[in-house]
Amino acid sequence: MAVAAIAALDDDVRRALFEHVRAAGVPVTREAAAGAVGISRTLAAFHLDKLVGLGLLRSGFGPPAARRVGRAPRVYEPAAASVAVCIPERAPDLLAGILIEAATGQRRGEDGTSAAMRVARDRGAALGARARAGTRGGRIGAERATTVARAVLADHGFEPYATETAIRLRNCPFHPLAAQDAEFVCGLNREYLGAMLDGIGAEGRVCAVLAPRAGECCVEIRPGEGD
């Protein structure tokens, strides 16, 4: 959807309408938008509704227009969500959320790093538990845990791939910040992914370990020592 939304703005007319609605500061009617960019009301309605469908604008009905007694005109305003595409995928919001929760919920006896690692484990475990809830019941063996983990990792932008001995991750969603403090960020990532495996129910049969490799994530998923 993000790619489609950004592609839609490559159209000059659609982009002009989008920018006009964003700059207006008040809900904009189809007539006003059409006049602002010099196109027909029908064409403006078509493009505006496309932008609504892509999540870039939202629409509703304003007060009845004087020349249309009893009929409220459709109006448009910016959607609350932001849209961006980053390839490869990055997850600064996840890392920021962990750090904010750690900073505001630091417990007695914890330093900042310990708090961040605890929150990362909590969030990773919750992620794994949600994935486990979507599978059939029963014991999770190493093969099944690896399959579920690989699907979760793919969904979250890690770009997993199999080697003879492990699941490697081509992408690190935290890469820009890992470059600033690899020991901290990579350690936090390992805690997050290790707890994700625990949440799935791997119970030591599959584990996350630090295994830095140039151009890839510093963590890999390996068979553990569990039964």
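Student: Is Glu203 buried or exposed?
Tutor: In this predicted model, Glu203 is exposed, because its relative accessible area is 59%. Glu203 is found in the loop that runs between α9 (182-200) and β6 (206-210).

Student: And what is phi of Glu203 near?
Tutor: Phi of Glu203 is near 50 degrees, which is a positive value in a residue other than glycine.

Student: Which other residue has a positive phi although it is not a glycine?
Tutor: Glu159 has one, with a phi of about 55 degrees. Glu159 is placed in the loop between α7 (142-155) and β4 (160-162). With a relative accessible area of 37%, Glu159 is partly exposed, whereas Glu203 counts as exposed.

Student: Which residue lies over the face of Tyr161?
Tutor: Arg170 lies over that face, at 4.0 Å from the ring centre. Arg170 is also among the residues that Tyr161 touches, when residues up to four places away in sequence are not counted.

Student: How many residues apart along the chain are Tyr161 and Arg150?
Tutor: They are 11 residues apart along the chain, and their C-alpha atoms are separated by 8.2 Å.

Student: How many aromatic pairs does a search of the whole structure find?
Tutor: That search finds zero aromatic pairs. For the ring of Tyr161, then, what can be described here is the placement of Arg170 over its face.

Student: What does Leu169 touch?
Tutor: Leaving out residues up to four places away in sequence, Leu169 touches Leu153, Phe158, Glu159, Pro160, Tyr161, Leu193, Glu216, Cys217 and Val219. As for spacing, the C-alpha atoms of Leu169 and Ala154, which are 15 residues apart along the chain, are separated by 9.1 Å.

Student: Are Cys172 and Cys186 buried or exposed?
Tutor: Cys172 counts as buried, at 9% relative accessibility, and Cys186 also counts as buried, at 14%.

Student: Changing topic to the open sheet, in what order do its strands come?
Tutor: Three strands form that open sheet in the order β1-β3-β2, with antiparallel pairing. The edge strands, each of which pairs on one side only, are β1 (28-29) and β2 (57-61).

Student: What packs on the sheet?
Tutor: Helix α2 (residues 12-24) packs on it, touching β1, β2 and β3, and the direction of α2 makes about 85 degrees with that of β3.

Student: How many bridges join β2 to β3, and over how many do β1 and β3 pair?
Tutor: Five bridges join β2 to strand β3 (residues 74-78), and these two strands run antiparallel. β1 and β3 pair over two bridges, also in the antiparallel sense.

Student: What is the bridge partner of Ser59 in β3?
Tutor: The bridge partner of Ser59 is Tyr76. Val28 stands opposite Tyr76 as well, while Arg58 stands opposite Glu77 in β3.

Student: Stepping back, how many helices and strands does the protein chain come to?
Tutor: The secondary structure of the protein chain comes to nine helices and seven strands. Of its 227 residues, 38% count as buried. Among contacts between residues at least 6 apart in sequence, 52% join residues at least 24 apart.

How values were computed:
Residues numbered from 1 in each chain as written. Predicted model: local features only at pLDDT ≥ 70, side-chain atom pairs only at ≥ 80, totals over all residues. Heavy atoms only, no water. Helix = DSSP H or I, 4+ residues; strand = E, 2+ residues; numbered from the N terminus. Buried < 20%, exposed > 50% of the residue type's maximum accessible area, 1.4 Å probe, protein only. Pairing = 2+ DSSP bridges. Contact = heavy atoms within 4.5 Å. Axes fitted to C-alpha atoms, helices over the stretch in contact; angles between N-to-C directions. Phe/Tyr/Trp six-rings, centres within 6.5 Å; stacked < 30°, edge-to-face > 60°. Lys NZ or Arg CZ within 6 Å of the ring centre and 35° of its normal.
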